[in-house]
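Student: Could we go through this structure together? I would like to begin with the chain as a whole and then turn to some details.

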Amino acid sequence: MIRGLSSSESPFLALEYYVHMISSGTEPNEYTFPSIFKSCTKIRGAHEGKQVHAHVLKLGLEHNAFVHTSLINMYAQNGELVNARLVFDKRSMRDAVSFTALITGYASKGFLDEARELFDEIPVRDVVSWNAMISGYAQSGRVEEAMAFFEEMRRAKVTPNVSTMLSLLSACAQSGSSLQLGNWVRSWIEDRGLGSNIRLVNGLIDMYVKCGDLEEASNLFEKIQDKNVVSWNVMIGGYTHMSCYKEALGLFRRMMQSNIDPNDVTFLSILPACANLGALDLGKWVHAYVDKNMKSMKNTVALWTSLIDMYAKCGDLAVAKRIFDCMNTKSLATWNAMISGFAMHGHTDTALRLFSRMTSEGFVPDDITFVGVLTACKHAGLLSLGRRYFSSMMQDYKVSPKLPHYGCMIDLFGRAGLFDEAETLMKNMKMKPDGAIWCSLLGACRIHRRIELAESVAKHLFELEPENPSAYVLLSNIYAGAGRWEDVAKIRTRLNDNRMKKVPGCSSIQVDSVVHEFLVGDKVHPQSNEIYKMLDEIDMRLEKAGFVPDTSEVLYDMDEEWKEGVLSHHSEKLAIAFGLISTKPGTTIRIMKNLRVCGNCHSATKLISKIFNREIIARDRNRFHHFKDGSCSCKDYW
């Protein structure tokens, strides 16, 4: 009974039977304890394992080979590596199984040097001991060593098995560039007729996704007859990993229609997709599901943290804060998500107060924390404070700056017109500035009308990202702002000659759980006629309120009347018009835009919020804007 229960889905029942056995006066023997220790391993019951260990010592069974090995394995798998080593060292005659049990424990916890020393001492190395090392290296991110160890295993003429292949696929997935080895593993699987092994197929899907071959991953996924929850999770997670958020949500809906119950891993992939698409309704559904099924969820702190991030990125900061305040146990990631949430919404003071509270509670900030803190300073233009946090990050917390940290500081310097300091910081960086940093500096040149410097910065961008049209468009904006239409034409010709197209502005809004997308001048929506009627009403009421369009934002050299028409058909205006005709009066309108909101639309939206008595929450490429009663939370600094 004990052995059977230890292998069941309710291993804790084996311990209950063991207690009944002891209470009835029946003495356990060497065949009892391996099953009991197996149960302790499954339920992560190190405390119970220690109590059973005491029984082993009382009965004098500590030298029995089977009991000894299972005891080492129990301690090792529960993270009690010191106790595992003590048990191992007490036995003079150690077999390969004892070695392997301890190696597996060390390797799984990342103590790979200790594991390797033991591995080198094993009298006979079987496939299990080799697998333990390969798996340990793969799990610790030491991918090249995992692959090298596999080659060593082949030279030793040890035949790999399914566990070996799973570890190798994991290593390939982590490297993101080992398709050659991954394809070899696939051939190995197919040659042995293991193509229906669901664990191996799931591993292959994960490998192809992480190596950037979504098409092959999808082909494998669709061929699976009986998909399990892991199959769905791997493919959904793959789409999210590759920023294919629509596909992730579409596949999740298929999963629900297939009557497969999602788990915490599913939601940890779905919530980021909701966050990036602004799919608040689905995010709320996930929140309700998690609340209802909390007992079956394992990564609860990670789930609540992901929900905080989702609500913040979907524009509902109040709910994000409510979840944060209700969490009894918080991780550093939880604090980071909330700090970042306040920062992206322009609540700088709150973000910085939360940072102080976090450190006072004993949490040590990491590089992600400081991205949030510096972003908060950037969105408010707090240069002095930004300098202080940037310095504290390096001196007080020994966090080396990365590109996002430098990006925040260079943005602060550029927006303040301190171009010399920005360039000095860029020269002193330990890595080369990326396109985002050069674009940030180019944007600052636009604000301060530094045309010559803009040309120099744009040259760097052209060399760094020759296929990226953003630099050309930004420089064109600068020329247009200065009325240099001949230079605008030259840029446009260069774009055409290189067959590059400007990334079109795209705005989305979710109504009744459906995400609607609009491009500039879009007329493909089924309700296009009603949308443009509302757009005409918006323009009429804006004109009555005294709004004058800022035509300097338009890059074409055309008549003023036509310029105004182009501005009124920007994607965010279309999304707002659709929101006004599709939601009840007084309802908050939430829109997402892939580009920075233009100055004209920003001014117009402030007035629209007052005219129609609506709060409009807009997330653009840089931050959130909360439009209400004719003003914006960004205070016109974005």
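Tutor: Accessible areas here come from the Shrake-Rupley method with a 1.4 Å probe. The model is a predicted one. On that basis, the accessible surface of the chain is about 31,200 Å², and carbon and sulfur atoms contribute 50% of it.

Student: How many of the residues count as buried, as a percentage of the chain?

Tutor: The chain has 638 residues, and 49% of them count as buried.

Student: And what box do the C-alpha atoms fill?

Tutor: Taken along the principal axes, the box is roughly 95 × 55 × 50 Å.

Student: How many helices and strands are there?

Tutor: The chain contains 34 helices and 6 strands. Among its contacts with a separation of 6 or more, 62% join residues 24 or more positions apart.

Student: Let us take a helix pair. At what angle do α4 and α5 pack?

Tutor: Helix α4, residues 46-58, packs against helix α5, residues 65-77, at about 160°, and their axes are 11 Å apart. Angles over 145 degrees count as roughly antiparallel, so α4 and α5 are roughly antiparallel to each other. Their crossing is left-handed.

Student: Which residues make that contact?

Tutor: Helix α4 contributes Gly49, Lys50, His53 and Val56, while α5 contributes Val67, Leu71, Met74 and Tyr75. By class, the contact of α4 with α5 has 5 nonpolar, 2 polar and 1 charged residues.

Student: What about α11 and α13: are they roughly parallel or antiparallel?

Tutor: Helices α11 (residues 162-175) and α13 (residues 198-210) pack at about 15°, with 8 Å between their axes. Because angles under 35 degrees count as roughly parallel, α11 and α13 are described as roughly parallel to each other. The crossing of α11 and α13 is left-handed.

Student: Which residues of each helix are in contact there?

Tutor: On α11 they are Val162, Met165, Leu166, Leu169, Cys172 and Ala173. On α13 they are Arg199, Leu200, Gly203, Leu204, Asp206, Met207 and Lys210. The contact of α11 with α13 divides into 9 nonpolar, 1 polar and 3 charged residues.

Student: A change of topic: where is Lys501?

Tutor: Lys501 lies in the loop between α30 (485-497) and β1 (506-511).

Student: Is Lys501 buried or exposed?

Tutor: Lys501 counts as exposed, because its relative accessibility is 72% and the cut-off for exposed is over 50%.

Student: And how many residues separate Lys501 from Pro469 along the chain?

Tutor: They are 32 residues apart along the chain, and their C-alpha atoms are separated by 6.5 Å.

Key: Residues numbered from 1 in each chain as written. Predicted model: local features only at pLDDT ≥ 70, side-chain atom pairs only at ≥ 80, totals over all residues. Heavy atoms only, no water. Axes fitted to C-alpha atoms, helices over the stretch in contact; angles between N-to-C directions. Helix = DSSP H or I, 4+ residues; strand = E, 2+ residues; numbered from the N terminus. Parallel < 35°, antiparallel > 145°, perpendicular 65-115°, else oblique. Left-handed = near helix turned anticlockwise from the far one by under 90°. Contact = heavy atoms within 4.5 Å. Nonpolar A, V, L, I, M, F, W, Y, C, P; charged D, E, K, R; others polar. Buried < 20%, exposed > 50% of the residue type's maximum accessible area, 1.4 Å probe, protein only.
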